[in-house]
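The following paragraphs guide the reader through a single protein chain. Please keep the sequence and the model in view while reading.

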Amino acid sequence: MTTVVDPDPAAGRPEPTPDGSARRRRGLRFPSRQDSTNVQLGVAVLWLSLIVLLPLAAILWTSAQGGWEAFWSAVTTPSALASFRVTLTISVVVTLVNAVFGLLIAWVLVRDEFPFKRAVDAIIDLPFALPTIVASLVLLSLYGPGSPAGIHIQHTGWGVGLALAFVTLPFVVRAVQPVLLEVDREVEEAAASLGANNLTIFIRVILPALAPALLSGAGLAFSRAIGEFGSIVLIGGAIPGKTEVSSQWIRTLIENDDPVGAAAISIVLLVISFGVLFALRYLGARAARREEAR
């Protein structure tokens, strides 16, 4: 008689558990990495759909209720075109200004040491935490009638620009700051040892490394600026053709019982915002690949 020897005598035996019961090892199955990835992907897609895709689909559906003619009529009225002009002009200027000063502030926070540095670093995030209507009230108290500084910019483009600069500055600073922390100082020292001055080092060494983050932060700042509402309500005044931005024109359309027109204006802002973000991210990615290839 031939005896067959089990290569693993314990494979078929029950395995004791802490509660005294037994279970067979072959009955256990732990989730694989692929299963875990699929679950995570499903949860992410579901959450993205609920928070982003469904609201966007609702806006598209509302704007399409009147057909193409109603959509085109809503976005080409003199009031709509004037609001687009004011919004885009001020937003572009504010984005360029914040790109410069945001980079400067990030540089000071990373490279310099001074008293109360931690407090200044925390203040940068204040516009994120402060309700935007409170920001408008603060700006009105400082630069409105009876200004303690003697500056009156209420109901002017300067007031709208100041409000937008206040709420969008952190996007640039927080995008550039961590990248600046990772910049290799040895490369700067090598360039200095070869005779390069500070301006040359900044333009040829530092700025290319910061370009992707700077473009990303500027894109986020621009997208926030063209959709901002709360911080400009009091300081701006919504004067048609002068300080009325597109978000305020949308509110006017809603108050006049024109949700289709309001949705149409919203779609235009979304397209502009997405286009700018996509273009800047593309340029940032190209700059990053060029920097890695050096």
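Leaving aside its neighbours within four places in sequence, with which residues is Thr-87 in contact? The residues are Ile-226, Val-245 and Ser-246, where contact means heavy atoms within 4.5 Å. The model is predicted: local features need pLDDT of at least 70, side-chain atom pairs count only at pLDDT 80 or more, and totals for chains, interfaces and linings use all residues. Residues are numbered from 1 along each chain as its sequence is written, and side-chain values use heavy atoms, with hydrogens and water left out.

Thr-87 belongs to helix 3, residues 78-111; helices are DSSP runs (H or I) of at least four residues, numbered from the N terminus. Because its relative accessibility is 2%, Thr-87 counts as buried (under 20% relative accessible area, 1.4 Å probe, protein chains only). Its side chain reaches the backbone nitrogen of Ser-246 at 2.8 Å.

A nonpolar core is a set of buried Ala, Val, Leu, Ile, Met, Phe, Trp, Tyr and Cys residues joined through side-chain atoms within 4.5 Å. This core has 20 residues, of which Val-173, Val-176, Leu-180, Leu-210 and Leu-214 touch the most other members. Beyond four places in sequence, Leu-214 is in contact with residues including Ala-99, Leu-103 and Val-172. Another core, of 14 residues, lies apart from it and includes Trp-249 and Ile-267.

Residues 201-222 are 100% helix, and their end C-alpha atoms lie 28 Å apart. For residues 156-176, the helix content is 95% and the corresponding distance is 31 Å.

Terms used:
Helix = DSSP H or I, 4+ residues; strand = E, 2+ residues; numbered from the N terminus. Buried < 20%, exposed > 50% of the residue type's maximum accessible area, 1.4 Å probe, protein only. Polar contact = N/O pair within 3.5 Å; in protein donor to acceptor, adjacent residues only side chain to side chain.
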